[in-house]
Amino acid sequence: AVGASGLAATAGCIGGGGDDGGETITIGSDIPYAPFEYRNEAGDLIGFDVEIAEAVFGEQLDLNYEFQETSFDGIIASLNNANFRVIMSAMTINESRAERVDFSDPYFTAYQTVLVLEDGDISSREDLRGEAVGVQRGTTGEAAAEDLQEEFDGELQIESYDQINGAFDALLNNQVSAVINDNTVSGEFAAENDGVVFLEGDGVAADQEDAPPYLTLTIENYGIAFRQDDDEFREEVNGALQAIRDNGTYDEIYDEYFEA
Ligand code: ARG
């Protein structure tokens with residue numbers, strides 16, 4: 001299956017997997033979404049999710065596994081059509097999704113945040129009224145934009161892109177005034193692009209320890225998604241997630257990507 005999407009990071013390439021010649025666990029993911037799932041210059045698939053997958057499916061569960069690239073919008077339908085076994089794609093656990101899939105225990109906390117151009121016109125949340133914002137289609141960033149649109153009585157234009165890079169490019173090209181997206185992903189983009197900054201302000205996470213020091217629209221948790229008939233496997237994965245927290249592997253991976 002992985003051949004079809006041309007991904008380099010089969011279990012073999014990133015060292016994962018058992019050797020019983022058994023079933024290969026396929027992991028649906030929308031790529032790139034750095035620092036969670038993206039390619040290095042050599043073309044290898046890397047990222048926080050990729051290493052957590054190696055630790056959980058490869059090391060703890062001793063399974064063969066491989067990532068399968070897929071679009072984020074429609075990823076749940078694709079899981080339920082059995083195109084892959086699980087979703088691992090920096091996916092936020094929420095109620096509407098939980099009607100269609102079952103989630104693992106949470107493995108990462110994220111916040112919806114707003115990226116703007118430093119020398120642009122947007123310096124507060126209220127400045128977004130009447131503006132165009134870019135989001136990735138089918139994401140909680142898009143949902144947060146819709147909430148803001150409602151709050152502004154419709155006075156917000158939402159531009160949805162198939163991949164987050166489309167929204168980032170639109171910001172650089174002045175086609176949108178802001179991008180609403182997960183904080184660490186936007187943070188990586190801001191770090192690499194001069195003049196791209198987070199919108200300041202007191203957000204929902206203002207009083208929370210470890211919260212980002214800028215406007216936060218939501219607090220979210222990522223989970224691995226399973227079909228609703230896959231309870232036994234989901235429980236095994238939850239056990240493995242707990243094991244990598246207990247043995248320090250989770251913290252090592254976390255530090256590699258977020259405390260550099
Ligand atoms: N956390 C957001 C959501 O669940 C965005 C995820 C996008 N992930 C990706 N790999 N493109 O909607």
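Q: What covers the buried residues of α7?
A: The model examined here is predicted, so that local features need pLDDT of at least 70 and side-chain atom pairs count only at pLDDT 80 or more, whereas totals for chains, interfaces and linings use all residues. Residues are numbered from 1 along each chain as its sequence is written. In helix α7 (residues 183-192), Asn183, Thr184, Val185, Ser186, Phe189 and Ala190 are buried, where buried requires 20 or more other C-beta atoms within 10 Å of the residue's own, exposed 12 or fewer, and partly exposed a count in between, with C-beta atoms placed from the backbone; helices (H or I, at least four residues) and strands (E, at least two) are DSSP runs numbered from the N terminus. With contact taken as C-beta atoms, placed from the backbone, within 7 Å, the cover over these residues includes β7, α6 (164-172), β10, β11 (196-198) and α9 (249-258).

Q: How many residues of strand β10 are buried?
A: Strand β10 is joined to β7 (residues 108-117) by 4 bridges in an antiparallel arrangement, valine 114 having isoleucine 180 as its partner; two strands pair if DSSP finds at least two bridges between them. Strand β10 (residues 178-182) is largely enclosed by the rest of the structure, because its buried residues number 5 of the 5.

Q: Which residues does alanine 178 touch, not counting residues up to four places away in sequence?
A: Alanine 178 lies in β10 and is the bridge partner there of valine 133. When residues up to four places away in sequence are left out, alanine 178 touches Val114, Leu115, Val116, Ile122, Leu128, Glu131, Val133 and Leu199.

Q: How many residues of domain 1 and of domain 2 are in contact?
A: The chain is assigned domain 1 (2-107 + 223-258) and domain 2 (109-220), with bounds that come from an automatic or database domain assignment. Their C-alpha centres lie 26 Å apart. On the side of domain 1 that touches domain 2 there are 7 nonpolar, 4 polar and 2 charged residues, counting Ala, Val, Leu, Ile, Met, Phe, Trp, Tyr, Cys and Pro as nonpolar, Asp, Glu, Lys and Arg as charged, and the others, Gly among them, as polar. The contact involves 13 residues of domain 1 and 15 residues of domain 2.

Q: Which residues come nearest to the ligand?
A: The shell around the ligand consists of 6 nonpolar, 6 polar and 3 charged residues, a residue being near a molecule or strand if its C-beta atom, placed from the backbone, lies within 6 Å of it. Both domain 1 and domain 2 contribute at least three residues each to this shell. Of the 15 residues around the ligand, those that come nearest are Asp30, Tyr33, Thr92, Thr139 and Thr140.

Q: Which are the edge strands of the open sheet of 5 strands?
A: This open sheet has mixed pairing and the order β4-β1-β5-β13-β6. Strand β1 (residues 24-29) is joined to β4 by 6 parallel bridges, among them that of glycine 28 with glutamine 68, and β1 also pairs with β5 (residues 86-87) over 2 parallel bridges. Pairing on one side only marks the edge strands, β4 (64-69) and β6 (102-103).

Q: What is omega of the cis peptide bond that joins isoleucine 31 and proline 32?
A: Proline 32 is placed in the loop between β1 and β2 (38-39), and proline 35 is found in the loop between β1 and β2 as well. The bond from alanine 34 to proline 35 is cis, with omega near 10°. For the cis bond between isoleucine 31 and proline 32, omega is about 5°.

Q: Is aspartate 153 buried or exposed?
A: Aspartate 153 sits in the loop between α5 (140-151) and β9 (157-161). Its phi is near 50°, a positive value in a residue other than glycine. Because aspartate 153 has 8 other C-beta atoms within 10 Å, this residue is exposed.

Note on methods
Two residues are in contact if their C-beta atoms, placed from the backbone, lie within 7 Å.
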